[in-house]
Amino acid sequence: MEETISSTMVEAAANAGASLVKQTSSFVAWAKTFITWENVFKLAGTILILLAFWLAYKLAIRGIKKIPVQKLSKQKSSLILRFLKYAFYVLITMYVLSLFGIKFSAIWGAAGIAGVAIGFAAQTSVSNLISGLFVITEGSVKIGDLIVVDGITGIVDSVNLISVQVHTLDNEMVRIPNSTIINANLTNKTFHHKRRLTIQVSVAYDTDMKLALETLSKAPALCPTVLTDPAPAFWYDGFDASGINMTAAVWFNNDDFLQTKNDMFIAIKKVFDEAGIEIPFNQLDVMIKK
């Protein structure tokens, strides 16, 4: 009995081995049909073309990165690099698919129908995309700018096709859709290299107005970050309930905002105190009758 079982197992194993050898031989024979000089040249040509695409892509990226920021801004450079990346992968994919005999006419037709359906379902995204092209080409927003949009104040971190990312002065990340930037009023506080700071101060009604104006004009000289070109300006700005309003306007570089503002307030208080000029404030007099 045991000899019969062993013989059966040996025979089954031998049949399995023969079948495997036969299948392997068939696969090798099938594979050999592809290993021809023509296919070898085609493979070599395909590899060379893919390598040429890759080298052109890398050279284009390297050339764009070498362009100075003065000639090509960071967001435009980022947009061009992103476009080149997508174009490279699309061209490579199309080329590889064409090697397998895939026709693109049917794909474009299907893509057109799908595009219409997706367009209706994603109108907001399309609107942001179109707005992003206007934002980037217009150049009103750059990386590092301090902007105010729809009540949001922040420093621009990136300008993308769909949105602009900023971080607020409290270091919170805020994503602003490009359609909001196009449709709302945008204030770019650092678009120009120089900014103007205006400070209002009041003097008492019994103050010599000429002396007060001359005294106020001495304050900018005590502030090292205040620019002399354009020159500071000073003027009276109306009669208030408790005093006469005056305005001081000084220019400074963008990076010196906080220092200039603090220095000007300190300087105005100092020159007024030295001249004996009172800055009025609201007072409440209480009288008690006996």
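## Overview of the predicted chain

The protein chain has eight helices and eight strands, where helices (H or I, at least four residues) and strands (E, at least two) are DSSP runs numbered from the N terminus. This is a predicted model, in which local features need pLDDT of at least 70, side-chain atom pairs count only at pLDDT 80 or more, and totals for chains, interfaces and linings use all residues. Residues are numbered from 1 along each chain as its sequence is written, and side-chain values use heavy atoms, with hydrogens and water left out.

Of the 290 residues in the protein chain, 26% are buried. Buried means under 20% relative accessible area, exposed means over 50%, and partly exposed is in between (1.4 Å probe, protein chains only). The chain exposes about 20400 Å², and carbon and sulfur atoms supply 63% of this area. Accessible areas come from the Shrake-Rupley method with a 1.4 Å probe; for residues, only the protein chains shown count as cover. Among contacts (heavy atoms within 4.5 Å) between residues at least 6 apart in sequence, 63% join residues at least 24 apart.

### The sheet and its helices

Three strands form an open sheet in the order S6-S8-S7, with antiparallel pairing. Its edge strands, S6 (194-203) and S7 (233-239), each pair on one side only. Two strands pair if DSSP finds at least two bridges between them. From one strand to the next, the twist averages 25°. S6 and S8 (residues 244-253) run antiparallel and are joined by ten bridges. Arg196 stands opposite Trp251 in S8.

Helix H7 (residues 209-216) packs on this sheet and touches S6, S7 and S8; its direction makes about 140° with that of S7. Helix H8 (residues 257-275) lies across S6 and S8 and runs at about 30° to S6. For these angles, axes are lines fitted to C-alpha atoms, for helices over the stretch in contact, and angles run from 0 to 180 degrees between N-to-C directions.

### Salt bridges

A search of the whole structure finds two salt bridges. The term stands for a side-chain nitrogen of Lys or Arg within 4 Å of a carboxyl oxygen of Asp or Glu. Side chains of opposite charge can pair when their charged atoms come close.

| Pair | N to O distance |
|---|---|
| Lys142 and Asp145 | 3.5 Å |
| Lys269 and Asp273 | 2.6 Å |

Asp145 is buried at 5% relative accessibility, while Lys142 is partly exposed at 28%. Lys269 and Asp273 are four residues apart in helix H8, so about one helical turn separates them. Lys269 is partly exposed at 44%, and Asp273 is partly exposed at 46%.

### Backbone exceptions

Most residues other than glycine have a negative phi, and most peptide bonds are trans. Asp150, although not a glycine, has a positive phi of about 50°. Asp150 lies in the loop between S1 (146-149) and S2 (152-159) and is exposed at 58% relative accessibility. Asn171, also not a glycine, has a positive phi of about 65°. Asn171 is in the loop between S3 (163-168) and S4 (173-177), and is exposed, with a relative accessible area of 62%.

The peptide bond from Asp229 to Pro230 is cis, with omega near 0°. Pro230 lies in the loop between H7 and S7.

### A surface patch

Leu48, Leu51, Trp54 and Leu55 form a nonpolar surface patch, together having about 400 Å² of accessible area. Leu48 is in helix H2 (residues 37-65) and is exposed at 58% relative accessible area. Patches are made of residues with over 30% relative accessible area and no salt bridge; like charges are joined within 9 Å, and nonpolar side chains (Val, Leu, Ile, Met, Phe, Trp, Tyr) within 5 Å.
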